Amino acid sequence: MKRTVFIFLILMAAISADGFSKGIDIERNVAYTSQSRDQADNLLDIYYPEDKAVPKNVLVFIHGGSWNSGKKETYWWLGKNMARKNVVTVIINYGLSPQYQYEKMAGDCALALKWVSRNIGYYGGRSDRIYVMGHSAGGHLAALINSDPRFLAQEDTPNPIRGVILNDVFGLDMFEYLNSAVSNERNDSFLITFSKDKETWKIGSPINYLQNVNNPMLIFVGERTYPAIKVQSDRLYYELSKANKPAELKLIRRKKHVAMISHMINPANQLYAYILDFMVKH
């Protein structure tokens, strides 16, 4: 364990050197709504190539953290890696539990997406080529705002998402999960996010809105991730494929849940190639 942490810190130091930012610009702490409940909740960071002559694909990343933790600053390396791969990348904050429940979180994500669709051209991004990626609970929010039309509709904006990338997504079917989950600190925190109302668990589950999905999905699953993530990701892929909706499922060998995102600190991580290929195909 100590050796792993040591190697990780060396890698962090190496890639955070000044040369890692060469050729890209960064704009931090941009407010995506003028009606902020908490300024930190409603901020985003933009990483983009300095050369804006040719408009580029856009990636909006929604972080995970069990809906009660996480922040955009943690993922600066994702922004830089993608920008260096010629993709304008936006990393967002959103309101967290216990102060807010999932509907407010999804509403924040929809607001951020609305801002991106209207303003990303200034940073060299194409508003018609916006892809949304989420890890873990962030994947739940990405899938939810794409499949449940109420969140973008309440912002009076059409769905601008060209494709969805789910990285070890948790929470596709909260009704299924919470009905069988044992009581512990982690699962009890989910009840704060989704309440104890079983009907709310259904309403907050993206798996129940697949009839609304028409854009492609790329689904990553860690070979050593949590069983619930494997089961629900497989089900998502099966249901989309059965309905002839475009979907790809990639099993990532030897990876646990956190490593599915943390190992993307390495710009040569295989997930980047899959993401770029997905953007080319769709």
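Predicted model: local features only at pLDDT ≥ 70, side-chain atom pairs only at ≥ 80, totals over all residues.
Residues are numbered from 1 along each chain as its sequence is written, and side-chain values use heavy atoms, with hydrogens and water left out.

When I say helix or strand, I mean DSSP runs numbered from the N terminus, with helices being H or I of at least four residues and strands being E of at least two. Two strands pair if DSSP finds at least two bridges between them.

With that in place, we can look at the other neighbour of β7, because pairing is defined by those bridges: β7 and β8 pair in the parallel sense over six bridges, and G222 stands opposite I252 in β8. How many residues of β7 are buried? Six of its six residues are buried, and the strand is described as mostly covered, where buried means under 20% relative accessible area, exposed means over 50%, and partly exposed lies in between, using a 1.4 Å probe and protein chains only. Both faces of β7 are covered, with M217, I219 and V221 buried on one side and L218, F220 and G222 buried on the other.

Now the whole sheet. Eight strands form an open sheet in the order β1-β2-β4-β3-β5-β6-β7-β8, and the pairing is mixed. The edge strands are β1 (24–31) and β8, each of which pairs on one side only, and the twist averages 20° from one strand to the next. Further along the order, β3 (residues 56–62) and β4 pair in the parallel sense over five bridges, and F61 stands opposite I91 in β4.

Contact here means heavy atoms within 4.5 Å. Helix α9 lies across β6, β7 (217–222) and β8, running at about 155° to β7, whereas α3 lies across β1, β2 (43–49), β3, β4, β5 and β6 (161–167), running at about 155° to β5.

Helix α3 also has a helix partner. Two packed helices are described by the angle between their axes and the distance between the axes. Helix α3 (residues 102–119) and helix α4 (residues 137–147) pack at an angle of about 70°, with their axes 10 Å apart. The two are therefore roughly perpendicular to each other, a label for angles of 65 to 115 degrees, while angles under 35 count as roughly parallel, over 145 as roughly antiparallel and the rest as oblique. Which residues meet there? From α3 come Y102, M105, A106, C109, A110 and L113, and from α4 come H140, L141, L144 and I145.

The helix α3 matters again when we turn to the core. The largest nonpolar core has 59 residues, and those with the most contacts inside it are L44, I46, V60, W67, V116 and L236; the largest share of this core, ten residues, comes from α3. A nonpolar core is a set of buried Ala, Val, Leu, Ile, Met, Phe, Trp, Tyr and Cys residues joined through side-chain atoms within 4.5 Å.

Finally, some details of the backbone. Most residues other than glycine have a negative phi, and most peptide bonds are trans. Here, however, a cis peptide bond joins S97 and P98, with omega about 10°, and P98 lies in the loop between β4 (88–92) and α3. S136, in the loop between β5 (125–135) and α4, has a positive phi of about 55° although it is not a glycine. R254 has a positive phi of about 65° and is not a glycine either, and it lies in the loop between β8 (247–252) and α10 (259–262). Are these two buried or exposed? S136 is buried, with a relative accessible area of 8%, whereas R254, at 58% relative accessibility, counts as exposed.

Note on methods: Axes fitted to C-alpha atoms, helices over the stretch in contact; angles between N-to-C directions.
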